[in-house]
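Subject: Model handover

Hi,

Here is the model I promised to pass on. Please open it before reading the notes below.

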Amino acid sequence: MVKITVNGRVVDADPTKPLIRACHDNDVDVPMYCYHPGLSPVGSCRICQVEVKQGEAPGRVMVACRTQPVEGMIVDTESPKAHDTRRECLEFLLKNHPLDCPICDKAGECDLQDYAYDEGQAEGRSNEPRRPMEKRKSLGDVIVLDEERCILCSRCVRFFEEVPKKAQLTVSDLGSRSIISTFMDRPLTGNYQGNIADLCPVGALTLKKFRFQARVWNLVKMASTCVECSRGCSIQVEVLRGSDVKRFRPRANEKVNGHWMCDYGRFAIGHANADGRLEGARIMEGVTLLQSPIEDGLCAVRDALMSSKGALFVLSPYCTVEEGQALLELARRHRAEIAFVSPAANALKDDLLHTGDPCPNRRGLSELGIAGDTPLNLTKRIAAAKVAVVAGERVVEILGAAEVKALPATVALYAFECHPVEARALRCEIGIANHVERAGTVVNLDGIRGPLAAVKPAPRGVRALSRHLEDLARLSPLSKESASR
Amino acid sequence: MSLPQKLTAEFDELVKNYPERRAALIVALHRCQEELGGWISPQTMEDLGTYFGLEPVEVFGVASFYPMFNLRPVGKHVVSICHNISCDLRGAQDIIAKACEVTGAPLGGTSKDGKWTVKHVECQGACANAPMIDLDGVYHEDLTIEKVAKILGAVR
Amino acid sequence: MKAFETYLLDRAKVEGNHQLATYEKLGGYKGLEKVLKGGMTPATVVDEMKKSGLRGRGGAGFSTGMKWSFMPDITKDPRVRYLAINADESEPGTCKDRVLMEKDPHGVIEGALIAAYAIRASAVYVYVRGEYRLSHDRMAAAVKEARAANLVGKNILGSDYSCEVHMHKGAGAYICGEETGLMESLEGKRGHPRQKPPFPAQSGLWSSPTTVNNVETVFNAPYIIERGAAWHAAIGTQNSKGNFLVGISGHVNKPGVYELPFGVTAQEILEEKAGGVWKDRKLKAWFPGGSSCSLLKGSDVDVVLDHDSLRARGSSLGTAAMVMMDDHTSMARVMEVIARFYEHESCGQCSQCREGTQWLSQIFHRIAHGHGLEDDVATLEALAKGMAPGKTICALSDAAAIPTLSAVKLFKDELIECIRQKRDPLAAPAPKYATVGAH
């Protein structure tokens, strides 16, 4: 590390990383387009210009992304010269950039808007017509390119070259005719396309699935973790106020996913938004499932557990560490067996992020001492049990809906699930919150813990599994409260 | 499809000149353009990608950067006319007009009979002998309107 | 002008000099022989070059000896080294390197080998612009002859020094004449100039130490070696030494490439070599060194054509490509052509250059075609100031800004008149032609 002065403050800077990193790491804002901490630096956009003084030489305006910190360097990111140079740069960028803000998805999180606002670059001098280009160029299933908005930062080109390591985009032609292109209009491929929409500093690259879905300032955003595989990429869940999850976006995490996430996880918002949720509790009376108060449902579970020996708890691999802990205690109290469903690896494994293991909390549950078992084995074990409690998001889907449906009526099946369960063995089902509706912890394949956050309100009558288990404990005879029931 | 053996044999020798094979790409593009119809087709770009271990999009990015590479078919004869300052000062616009008239090609395009493409280009280094045309790779300099009509008219 | 001794173009005038037999008969390869067999170390050669005062002829005018000395100490940095010969000659008005390659290719090769020896390069890449087919073919044939005669390749002339010479081609991009753009192109990529630092001597071709020299620059090396640094330093002016090639084109009677010593005035060149302004007209304006320098007025033709004098007059020597404009010339049209050139050639990396070159071009186009607006001249000036100096990865942005600022400074009234009249009173009559994509 070397000591440099930034805006009057002496800070430590890593001399092997560009100056812009030293600024950002020390909470000093320096604008950037072509620079991205996850990609190699280029120094082409020229927006990150700061004034640098070294030794006796007069201060010079330099691009921070291609300047290495040197001991004793004096940096001023707010000098008049630095601001003037940035303002000039913005005027050049805004010359051809269309005034699309009212119809552009990026508005509200656009670096061009933000820096133009910061630098006070409100009016341009250009009397020239803007160059007309393709505004809705499909780059495949995931991305739409608006060539007019592109400021040629080349982040998207570098992303494919450096991250999935297979070039898919290029800058074609040159100079003022430059256009981001694929080869012969071939669509983009691969599981990492969505990242270029995040990377694009403006609204040139947008997600087809997010297009016109929401204004970003109406999104409630919270840090969470992706649950679609055991990588547990750090993500941000973004929910439209009063409505659905609109976006998952990656959060930077050096230890897990860098700056990226895969498309499979990114577009798994369907699970979070699925309709047909199980609300409250439903208890089987004869052959009909009747909507009942939750407490009645919990009492039914309690009675079943108390009356039997050898109950079986089957957990979803989506259960959090906290839920696993609570279910483990419950199982111990009732001397029940406990296991989590461990489906086979899928074919989505790649060289980058997706592990191919669909269990987001395999390691977390295993570390608690809960063993995993295959769906096939577990359905056999359930069929052989007197009482079985299946708990957690998507547990029935993973066991196999058909297999669960076919369970013999000799089993008393109790389910804590997101969606109604169809099974003649079913005695009672209670609705639970899904992975964006309740907080908790999952542990990824490397042992790194990731938080889940309650970003979206659960549907009416639906509570987190932990709440149900707390109430169940309260209603059990080993606690004083339940004596009255 | 792949590149003709004649070309790959050439390229096999060419790449030996450089510590990294890719350096031969631009000379290879020239050779492909010369041998494969005067332009660089998408198939050629794919084939060059295979030869050099590059994605086709990377070859496309390189080929589209350089004005000498035609990424669309051209006429049987290509006339490139400098319209930069020394030539402009000595009547390049008149030469361009005459060339278009004689060949029937629109400026920047190809004649309907497919015989001619006329392009305007930047400084070709013939400034002391301006104005000029480059006809199928040969410079014709110190031109007048009459001379250019004669030169183009003589092409069969 | 005073009588002076010529040497640069003497052999080129002889028929057949592009072939080895004639070249050697005329005294060729004596310089290389002296270096390799006369016990000159690379350091000595570098020193001679420094003492000679030779400055680069590609446009930047940097001391050649000093540039060679930037290569790292071989004992501390044993990486392989390269010499790249910049034969991309694309600066408007410039056609001198072409003469040397077509008519004296062995001279270029000999100079390149001396330079390669001085910087301990193991290979020379000659990057010839794609359009210069004859130059390339003459050079390639000469390399072949030289290799057969043990002048290129292993153990040259029986010495310990081995050096390969490879011909290479560009494909029509001016920006590949910028030394880092050249290197990117040579590596088989888009010709995007690189950030400096690192400089080519630290990290050049394939990240190895590299020196990039212009054709005419290395061409001087054999003369300096043979006749001595002191001989060279005695020719010319205080800071511009030796003879050099001047191209003169445009509105003159005898455009051409002429060999001259530093110290002659532009007027002497115009009148005594180029036959004066054509059609008995007067000189209105001129570029002294290609289009990337400031325009000068006709009255400035009294300036000595060397580095210091031109700088003092507000311009620069560049490639010594004089482009002369008579008093019937429309300066709006001149700038339309020049600005369009830079727009066409910008690689597009830097925001100011990509957008600015287009913007300048659009404004000059409008002014030249009668659609100028009141604030155009002020905008031109502001844009040019935003594009330079030193705000971009390479100097193309500066190269577009400099002539723009000079046009606004010297010919503001003419531009304003075009705007006011809504036409260019000096425009040449436009010929009619089919205009797909024409300007």
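Predicted model: local features only at pLDDT ≥ 70, side-chain atom pairs only at ≥ 80, totals over all residues.

Residues are numbered from 1 along each chain as its sequence is written, while chains are lettered from A and ligands numbered from 1 in the order in which they are written.

Chain C overall

Chain C has 17 helices and nine strands. Helices (H or I, at least four residues) and strands (E, at least two) are DSSP runs, numbered from the N terminus. The radius of gyration, taken over C-alpha atoms, is 22 Å for chain C, close to the 22 Å that the globule rule gives for 439 residues, so chain C is as compact as a globular protein of that length. The rule is 2.2 Å times the number of residues to the power 0.38. Along the principal axes, the C-alpha atoms of chain C fill a box of roughly 70 × 45 × 40 Å.

Of the 439 residues in chain C, 61% are buried. Buried means 20 or more other C-beta atoms within 10 Å of the residue's own; exposed means 12 or fewer, and partly exposed lies in between, with C-beta atoms placed from the backbone. Contacts are pairs whose C-beta atoms, placed from the backbone, lie within 7 Å. Among chain C contacts between residues at least 6 apart in sequence, 71% join residues at least 24 apart.

Domains

Chain C splits into domain 1 (11-233), domain 2 (247-326) and domain 3 (331-421). These bounds come from an automatic or database domain assignment. The C-alpha centres of domains 1 and 3 of chain C lie 35 Å apart. Their contact takes eleven residues from domain 1 and seven from domain 3.

Cores

The largest nonpolar core holds 247 residues, and C:Ala84, C:Ala112, C:Val124 and C:Ile269 touch the most other members. Such a core is a set of buried Ala, Val, Leu, Ile, Met, Phe, Trp, Tyr and Cys residues joined through C-beta atoms within 7 Å. Helix α17 (residues 396-421) of chain C gives the most to this core, with ten residues. A second, separate core of 80 residues includes A:Trp260, A:Phe313, A:Val411 and A:Leu452.

Chain B puts 43 residues in contact with 52 residues of chain C. On the chain B side, α2 (25-35), α4 (56-63), α5 (85-89) and α6 (92-103) each supply at least two residues. The largest share, six residues, comes from α6(B). This side of chain B divides into 25 nonpolar, eleven polar and seven charged residues. Ala, Val, Leu, Ile, Met, Phe, Trp, Tyr, Cys and Pro count as nonpolar, Asp, Glu, Lys and Arg as charged, and the others, Gly among them, as polar.

Chain C also has 25 residues in contact with 22 residues of chain A. The largest share of this side of chain C, nine residues, comes from α15(C). By class, this side has six nonpolar, 14 polar and five charged residues.

One residue to look at

C:Ala384 lies in helix α16 of chain C. C:Ala384 is buried, with 22 other C-beta atoms within 10 Å. Leaving aside neighbours within four places in sequence, C:Ala384 is in contact with C:Ala401, C:Thr404 and C:Leu405.

Best wishes

Notes
Contact = placed C-beta atoms within 7 Å.
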